Amino acid sequence: WFQKADKNKDGRMNFKEVQRLLKMMNVDMNEDHALRLFQAADKSESGTLEGEEFVLFYKALTQREEVLSLFQNFSEDGKKLTLLELVDFLRQEQLEDEGTEELAMELIDKYEPSETARARHALSADGFLMYLCSPEGSIFNPRHRALWQDMSQPLCHYLISSSHNTYLIEDQIRGQSSIEGYIRALKRGCRCLEVDCWDGPNGEPVVYHGHTFTSKIPFREVVSTLGKYAFKTSDYPVILSLENHCSMEQQEVLAQQLKTILGEQLLTTTTDGRIPTQLPSPEVGTEHSCTGHRCPAWESCLKGKKIGRLEDMLDGPEDEAPDVSDDDNGAEAEEERRRVKVGGPGWGPARSTDPLDKAMDRWTQHGPALQKDKESLAQALSDCVIYCKSVAFQGFQEARSHSRSSEISSLAEAKARKLIRDAGNEFVRHNAWQLTRIYPSGMRTDSSNYNPQEMWNVGCQIVALNFQTAGMEMDLCDGLFSQNGCCGYVLKPPFMRDEETLFNPSDPSSWEGPGPVTLTIQVISGQQLPKVANSKVGAVIDPLVRVEIHGVPVDQAHQETKYIENNGFNPHWDETLQFQLHVPELALVRFVVEDYDKTSRNDFVGQFTLAFANIKPGYRHIHLLSKDGTSIPPSSLFVHI
């Protein structure tokens with residue numbers, strides 16, 4: 001900063017240059033106060049600051065009175081915290097209750113800059129501030145940054161980080177299709193990617209948003225990218241959601257490229273070779289790269305249409321019943337096959353009371369259409385689909401009676417919302433044993449997103465979002481999946497993994513728990529908040545903090561502080577916000593900093609989102625992220641939880 005502001009490069013700064021520096025650092029201080037600090041730092045009384053004098057000036061400028069006051073509350077001599085004093089602080093304020101003395105020793109060794117203090121097992125005010133600004137002093141529980149959840153549950157017991165039209169990096173109509181979309185999603189821990197496949201030139205399938213002006217990329221490149229980047233961020237399985245619009249010939253090419261490029265990474269049979277009674281866990285057959293060789297049997301699996309049943313693949317077909325997969329748009333085919341087999345009820349106008357006669361009646365009417373469906377899917381591609389066979393959703397009762405755990409339905413956001421409204425508990429129960437994928441409305445041509453929280457509230461696992469579009473929805477997604485080693489899988493709470501659960505997110509009487517949790521947040525101060533993008537030269541922000549709760553409907557809430565005029569450098573709010581959480585297990589907490597504008601909409605400055613389960617109580621820093629989710633150090637908020 002000194003070098004940037006020292007325009008004439010003489011190693012000195014006059015008061016005018018210092019004022020320019022304050023503007024560059026986003027602080028608009030009272031001129032008299034700034035002049036007082038300048039004169040106090042100008043030990044040589046030359047009217048300029050040299051390098052060391054500038055350091056004094058900067059220290060005076062950045063002194064954290066609120067941190068110093070907290071330090072002195074626990075320090076008997078006001079200069080250091082002894083080991084026992086630090087232990088008291090950690091227990092009383094930070095609510096650290098396990099191995100507190102060992103933690104105190106670790107913090108001193110790690111953050112105390114003075115060798116003398118370290119040797120005496122003491123923490124200075126500088127060391128105390130360094131600790132509070134560190135990962136251990138963050139609002140996010142550092143233990144939850146690593147893999148901390150049980151990964152041995154069936155796949156349907158997890159929320160899974162999922163992307164919609166992953167190949168698009170802009171809008172849905174004219175935007176560019178790019179391999180970069182897959183790379184970015186995988187680096188963010190995404191575990192379900194979408195691929196729209198169409199016939200391409202020279203017998204090579206391509207990926208693009210069909211019937212639009214979006215550009216095209218070869219399917220081969222997408223699969224190669226998956227092979228290269230799939231396990232850079234996470235060791236856990238990737239689901240490839242295949243939208244197949246190819247001819248039979250190019251479907252054969254799809255299957256061949258999947259098998260050739262992914263090799264043993266691609267799941268082509270069940271993990272144990274048997275007919276499954278439930279979905280496998282994310283870690284079945286997996287040895288993590290940090291501990292040894294990975295078993296390739298369960299790294300990537302295909303979601304798509306399938307001819308017949310998984311059992312037929314493993315056992316051979318049982319009879320001559322029509323054996324056809326349904327797709328995301330119609331479930332008649334699979335329904336026919338099952339009902340022909342069992343002669344079940346609901347078969348339309350009866351010509352006979354005999355169930356078998358009814359079955360044959362129905363087959364006579366619809367057989368040709370079923371055969372046509374069967375002929376539209378290449379056997380080689382069908383054989384690549386194991387645990388995620390796409391079936392049309394025909395209702396929860398129908399699914400429970402006739403569907404299998406290895407099948408998955410895709411629902412548009414509006415259909416999902418209607419089911420949440422009309423049958424919330426049934427939806428939760430359904431998601432306890434089978435996967436559901438939610439995708440954005442086709443009207444969202446601008447690649448905007450729906451709110452994923454309401455889908456997670458009923459346990460929908462694959463809630464596909466447009467990863468290229470920054471905003472609150474992707475903040476929630478990044479916030480939820482930033483835990484558990486960023487592996488892309490988050491275990492649902494126990495009451496959402498029970499097929500007989502009474503839980504309904506819209507019905508408070510269905511919740512069994514100890515009662516609401518009170519979350520109290522004292523928003524103390526902010527540090528070096530960034531300027532608003534494209535703001536005028538010399539403009540300084542008027543920051544306010546809004547805290548939002550995203551969860552079940554009764555928990556949805558937001559409160560905000562007053563705004564502080566012209567201070568993005570070290571604003572102080574000292575305001576307390578309080579929330580009641582009835583289902584804290586599902587709650588996400590989003591901290592947003594905005595630049596107040598009385599004549600128009602406030603401008604976004606920074607945000608941080610995390611699951612309530614990952615919050616550490618006590619005095620904590622919140623390290624803010626930019627609109628696209630990247631860190632913007634040293635911008636932070638200081639709070640007490």
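**Arg-437 and the salt bridges**

Guide: Let's start with Arg-437, which makes a salt bridge with Glu-194, with 3.1 Å between the closest N and O atoms. Arg-437 belongs to strand β13 (residues 435–439) and Glu-194 to strand β6 (residues 192–198), so this pair ties together parts that are 243 residues apart in sequence. Keep in mind that we're looking at a predicted model. Both Arg-437 and Glu-194 are buried.

Arg-437 has another neighbour to meet: its side chain and that of Ser-410 are joined by a polar contact of 3.4 Å. You'll find Ser-410 in strand β12 (residues 407–412). Is Ser-410 buried or exposed? Its relative accessible area is 8%, and the cut-off for buried is under 20%, so Ser-410 counts as buried.

A search through the whole structure turns up 24 salt bridges, and one of the others pairs Asp-475 with Arg-590, whose closest N and O atoms are 2.8 Å apart. Here Asp-475 sits in helix α21 (residues 472–481) and Arg-590 in strand β20 (residues 588–595), so the pair ties together parts that are 115 residues apart in sequence. Asp-475 is buried, at 5% relative accessible area, and Arg-590 is buried too, at 6%.

Next, look at Arg-546 and Glu-594, whose side chains meet in a salt bridge of 3.1 Å, N to O. This pair links distant parts of the chain, 48 residues apart: Arg-546 is in strand β17 (residues 543–550), and Glu-594 is in strand β20. Arg-546 has a relative accessible area of 13%, so it's buried. Glu-594 is buried as well, with a relative accessible area of 13%.

For contrast, let's go out to charges on the surface. Lys-7, Lys-9, Lys-16 and Arg-20 gather there in a patch of positive charge. Take Lys-9, in the loop between α1 (2–5) and β1 (13–14): its relative accessibility is 60%, so it counts as exposed. There's a patch of negative charge on the surface as well, made up of Glu-101, Glu-102, Glu-106 and Asp-109.

How values were computed. Residues numbered from 1 in each chain as written. Predicted model: local features only at pLDDT ≥ 70, side-chain atom pairs only at ≥ 80, totals over all residues. Heavy atoms only, no water. Helix = DSSP H or I, 4+ residues; strand = E, 2+ residues; numbered from the N terminus. Buried < 20%, exposed > 50% of the residue type's maximum accessible area, 1.4 Å probe, protein only. Polar contact = N/O pair within 3.5 Å; in protein donor to acceptor, adjacent residues only side chain to side chain. Patch = residues over 30% accessible without salt bridge, like charges linked within 9 Å, V, L, I, M, F, W, Y side chains within 5 Å. Areas by Shrake-Rupley, 256 points an atom, 1.4 Å probe, with all protein chains shown as cover. Salt bridge = Lys/Arg side-chain N within 4 Å of Asp/Glu carboxyl O. Lys, Arg positive; Asp, Glu negative; His and termini not counted. Charge placed at Lys NZ, Arg CZ, Asp CG, Glu CD.
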